[in-house]
Amino acid sequence: MRLALSLGRRNMGRTWPNPAVGCVLVREGRVVGRGWTQPGGRPHAEVVALAQAGDAARGATAYVTLEPCSHHGKTPPCADALVRAGVARVVAALEDTDARVAGRGFARLRDAGIEVTTDVLAEEAARDHAGFFRRTDLGHPFVTLKLASSFDGRIATATGESKWITGPEARRLVHAMRMRHDAVMVGAGTARADDPSLTVRDMGVTHQPVRVVVSRHLDLPLMSVLARTARKVPVWLCHGPDADPQRIKTWEGLGAKLIPCALAGRSLDPAAVLQELGEAGLTRVFCEGGGALAASLLQADLVDEVIGMTAGLVLGAEGRPAIGALGLDRLAEAPRFTLREVRAIGPDLLHVWDKDA
């Protein structure tokens with residue numbers, strides 16, 4: 001199962017809206033087939049592994065990181081494919097919460113006389129498939145908030161200088177993290193101040209995540225890197241209902257996808273933004289700030305994971321904070337997270353936090 005999980009991660013960020021599943025076929029102690037969900041979500045991991053195994057799949061045990069699908073979508077059910085191949089046993093990490101499956105895949109296998117074992121490395125699989133479950137169960141993607149800051153929580157000096165607070169090792173790791181998400185998201189302020197490309201670089205990949213900018217008024221520079229590259233790498237702009245129609249038309253002409261979202265007060269409603277992204281198929285979003293967007297997501301309890309990259313320098317109170325105002329009066333109101341991982345990344349410190357249940 002650990003091998004199946006590692007295989008599924010190979011295309012994490014490339015299979016949305018489908019989960020990134022891994023499958024291993026073992027017969028008489030030998031691996032006869034391996035598969036993982038392919039880009040775009042098809043073919044599924046089980047189909048790839050069965051094709052590799054051929055006749056050797058008969059009598060084999062299939063280790064799969066999620067319940068095999070039982071419904072006819074754009075591809076036939078994987079449960080039926082396992083039955084036809086003559087697999088003797090299926091070991092699965094998790095049940096699929098999609099209402100079209102939800103135990104039906106396991107039932108189909110058992111009805112065909114196949115032994116089914118479940119809940120193997122379920123915790124690890126639940127983490128890998130968290131984005132798929134968030135979208136299936138709640139309608140919105142899993143959100144990772146990344147904060148690269150000074151020791152005192154600043155992301156730039158008072159003048160806006162920010163390159164570079166963290167070292168090259170941390171920045172390279174961020175590119176690897178982008179690669180495993182469906183989309184990278186920033187606020188309008190970050191897009192204006194940094195003119196970011198938001199792409200994965202120096203990792204030997206051709207696939208790029210969707211680039212999402214949250215901007216109520218679409219007051220974004222038309223000569224930016226995002227504007228110039230919108231036809232090469234997807235750019236999605238989440239805007240308010242009161243955005244200038246001419247700006248909408250201009251950005252559409254540049255190749256961007258425009259997504260109207262509801263307001264909450266004077267800003268875009270972060271819950272509405274994520275629901276729209278979920279409806280568009282995204283399951284995992286990597287938010288890189290800035291402070292206002294980070295604060296709005298935290299206030300709305302929409303951040304599932306926080307990744308901190310902390311550098312050993314101090315910028316002082318005049319520096320720009322990593323997170324905007326939250327309007328808290330009491331500690332009990334503060335969003336809390338549980339530490340999952342901490343380690344040195346070059347001269348910097350990586351710390352990963354999970355949302356408290």
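His44 sits in the loop between strand E2 (30-36) and helix H2 (45-53). This is a predicted model.

**His44 and its surroundings**
- His44 counts as buried, because its relative accessibility is 17% and buried means under 20%.
- Setting aside neighbours within four places in sequence, His44 is in contact with Asn18, Thr37, Cys69, Thr75 and Cys78.

**Helices H3 and H4**
- Two packed helices are described by the angle between their axes and the distance between the axes.
- Helix H3 (residues 78-85) packs with helix H4 (residues 104-111) at an angle of about 20°. Their axes are 9 Å apart.
- That angle makes H3 roughly parallel to H4, because angles under 35 degrees count as roughly parallel.
- The crossing of H3 and H4 is right-handed.
- On the H3 side, the contact is made by Ala79, Asp80, Leu82 and Val83. On the H4 side, Gly105, Arg108 and Leu109 take part.
- Sorted by class, the contact of H3 with H4 has four nonpolar, one polar and two charged residues.

**Aromatic pairs**
- How many aromatic pairs are there? The count comes to two aromatic pairs.
- Trp16 and Trp236 form an edge-to-face pair. The distance is 6.0 Å centre to centre, with 85° between the planes.
- Trp16 lies in the loop between helix H1 (2-8) and strand E1 (22-27), and Trp236 lies in strand E10 (residues 235-239). The pair therefore ties together parts that are 220 residues apart in sequence.
- Is Trp16 buried or partly exposed? Trp16 counts as partly exposed, at 22% relative accessibility. Trp236 counts as buried, at 7% relative accessibility.
- Phe132 and Phe133 also form a pair. Their ring centres are 5.9 Å apart and their planes are at 50°, so the pair is tilted.
- Phe132 is buried, at 9% relative accessibility. Phe133 is buried too, with a relative accessible area of 12%.

**Helix H12**
- Helix H12 (residues 291-299) is mostly covered. Seven of its nine residues are buried.
- Which residues of H12 are buried? They are Gly291, Leu293, Ala294, Ala295, Ser296, Leu297 and Leu298.
- Just after H12, Asp301 takes a positive phi of about 60°.

**Ser149 in strand E6**
- Ser149 has its place in strand E6 (residues 142-149).
- Ser149 counts as buried, at 8% relative accessibility.
- Leaving out neighbours within four places in sequence, Ser149 is in contact with Arg154, Ile155, Ile165, Met309, Thr310, Ala311 and Ala322.

**Asp354 in strand E18**
- Where does Asp354 lie? Asp354 lies in strand E18 (residues 348-355).
- Asp354 is buried, with a relative accessible area of 18%.
- Not counting residues up to four places away in sequence, Asp354 touches Arg127, Asp304, Glu305, Phe337, Thr338 and Arg340.
- Asp354 and Val83 are 271 residues apart along the chain. Their C-alpha atoms are separated by 38 Å.
- Val83 is one of the H3 residues that make the contact with H4.

Note on methods. Residues are numbered from 1 along each chain as its sequence is written. This is a predicted model: local features need pLDDT of at least 70, side-chain atom pairs count only at pLDDT 80 or more; totals for chains, interfaces and linings use all residues. Side-chain values use heavy atoms; hydrogens and water are left out. Axes are lines fitted to C-alpha atoms, for helices over the stretch in contact, and angles run from 0 to 180 degrees between N-to-C directions. Helices (H or I, at least four residues) and strands (E, at least two) are DSSP runs, numbered from the N terminus. Angles under 35 degrees count as roughly parallel, over 145 as roughly antiparallel, 65 to 115 as roughly perpendicular and the rest as oblique. A crossing is left-handed if the near helix is turned anticlockwise from the far one by less than a right angle, and right-handed if clockwise. Contact means heavy atoms within 4.5 Å. Ala, Val, Leu, Ile, Met, Phe, Trp, Tyr, Cys and Pro count as nonpolar, Asp, Glu, Lys and Arg as charged, and the others, Gly among them, as polar. Rings of Phe, Tyr and Trp (its six-membered ring) pair if their centres lie within 6.5 Å; planes under 30 degrees apart count as stacked, over 60 as edge-to-face and the rest as tilted. Buried means under 20% relative accessible area, exposed over 50%, partly exposed in between (1.4 Å probe, protein chains only).
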